Amino acid sequence: MFGRRRKKKDGEGADGTAATAGAVGSEADFAGRPEDPPEPEKEADRHRSDGPWDSAEEAPEAQRMDLGSVRIPVRSGIEIQVNVAPQQNRIIGVTLRTQRSALQVQPFAAPKSSGVWADMREELRSQVTSQGGKVEDFDGTFGPELRAVVPVAGKKNEQGQQMGERVRFIGVDGPRWVLHGVIRGEGASKPQAMAEVEELFQQIVVVRGDSPAPPREMLPIVVPQEIQQSMAQAADQRKRSAGNGQADEGGGGAES
């Protein structure tokens, strides 16, 4: 069965060993002491045996961008965009773009005793079908997911039929959080690209924090000032390259 990943302990070194004072006699001190009882395990934890990770867990070492509630993997060829709702002027997610795929992630608060991804899937299903799209259930790398064809507004084929875009809705429940992902482009349909996007999702670390938050409330995404400037420059460059004065919807980005 799937084992629960070991959490980091206070005073633990980078090699996973504990730094103890007065090592002499330590075996006698700990001999016969009962182990701490195992923490309750949610069924959904088995779907993230290789990530995404909680900040209290030992995630594989990787270069990551600290955005408050999420730490996003940084690597060559990946552009990171912070998505902003223009009217509310608030951050609503982070998008990782490769050459042919896009992965938008959103961290939400969740109850300690149960997950919310199952309920979120049903809401997403209703949204897509109400727009005239099609949805299929699929058992993927992170457990249950939705694979959909979503209508693209204003786009029709030569016969006048509505065109659609393939989209994957993935999600995983963690300790008091749920991480939701939306995959577009080749990552929604082509096996090799799908695996690459999934690996990015696995490298994400979620920082839930100790502050109370109602279930389904988005965890705060914080962008450092220097990264904001880099993203603004990247957005301006995309405007000039496009030549039509329109920026990508949803925010600016910085390429690693």
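**Exercise 1.** Leaving aside its neighbours within four places in sequence, with which residues is Ser69 in contact? Locate Ser69 in the chain and decide whether Ser69 is buried or exposed.

*Solution.* The model is predicted, and the steps below should be read with that in mind. Begin with the position: Ser69 sits in the loop between strand S2 (64–66) and S3. Next comes the accessibility, which for Ser69 is 2% in relative terms, so the residue counts as buried, the cut-off for that class being under 20%. Finally, once the neighbours within four places in sequence are set aside, the contacts of Ser69 are Pro107, Val205, Val206, Val207, Leu219, Pro220 and Ile221.

**Exercise 2.** Describe the protein chain as a whole through its secondary structure, its burial, its contacts and its surface.

*Solution.* The secondary structure consists of four helices and 12 strands. Of the 256 residues in the protein chain, 38% are buried. Among contacts with a separation of 6 or more, 58% are between residues 24 or more positions apart. The accessible surface of the chain is about 15,300 Å², and carbon and sulfur atoms contribute 47% of that area.

**Exercise 3.** How many salt bridges does the structure hold, and which parts of the chain are tied together by the pair Arg75 and Glu199?

*Solution.* The structure holds 11 salt bridges. One of them joins the side chains of Arg75 and Glu199, with a distance of 2.8 Å from N to O. Since Arg75 belongs to the loop between strand S3 (70–73) and strand S4 (79–85), while Glu199 belongs to helix H3 (residues 191–202), the pair ties together parts that are 124 residues apart in sequence.

**Exercise 4.** Treat the salt bridge between Glu123 and Arg216 in the manner of Exercise 3.

*Solution.* The side chains of Glu123 and Arg216 meet at 2.7 Å, N to O. The pair links distant parts of the chain, 93 residues apart, with Glu123 in helix H2 (residues 117–130) and Arg216 in the loop between strand S11 (205–206) and helix H4 (225–242). Glu123 has a relative accessible area of 38% and is partly exposed; Arg216, with 31%, is partly exposed too.

**Exercise 5.** Are Arg168 and Glu198 buried or exposed, and which residues are joined with them into one network of salt bridges?

*Solution.* First, the side chains of Arg168 and Glu198 form a salt bridge of 2.9 Å, N to O. Because Arg168 lies in strand S9 (residues 162–174) and Glu198 in helix H3, this pair ties together parts that are 30 residues apart in sequence. Arg168 counts as buried, at 0% relative accessibility, and Glu198 counts as buried at 13%. Salt bridges that share partners then join Glu145, Arg147, Arg168 and Glu198 into one network. Arg147, a member of that network, also lies over the face of Phe138, at 3.5 Å from the ring centre.

**Exercise 6.** How many aromatic pairs are counted, and where in the chain do Phe142 and Phe201 lie?

*Solution.* The count comes to one aromatic pair. Phe142 and Phe201 form an edge-to-face pair, with 4.9 Å from centre to centre and 70° between the planes, the cut-off for edge-to-face being over 60 degrees. Phe142 lies in the loop between strand S7 (134–140) and strand S8 (143–156), and Phe201 lies in helix H3, so the pair ties together parts that are 59 residues apart in sequence. Both Phe142 and Phe201 are buried.

Methods
Residues are numbered from 1 along each chain as its sequence is written. This is a predicted model: local features need pLDDT of at least 70, side-chain atom pairs count only at pLDDT 80 or more; totals for chains, interfaces and linings use all residues. Side-chain values use heavy atoms; hydrogens and water are left out. Helices (H or I, at least four residues) and strands (E, at least two) are DSSP runs, numbered from the N terminus. Buried means under 20% relative accessible area, exposed over 50%, partly exposed in between (1.4 Å probe, protein chains only). Contact means heavy atoms within 4.5 Å. Accessible areas come from the Shrake-Rupley method with a 1.4 Å probe; for residues, only the protein chains shown count as cover. A salt bridge is a side-chain nitrogen of Lys or Arg within 4 Å of a carboxyl oxygen of Asp or Glu. Rings of Phe, Tyr and Trp (its six-membered ring) pair if their centres lie within 6.5 Å; planes under 30 degrees apart count as stacked, over 60 as edge-to-face and the rest as tilted. A charge sits over a ring if NZ of Lys or CZ of Arg is within 6 Å of the ring centre and within 35 degrees of the ring normal.
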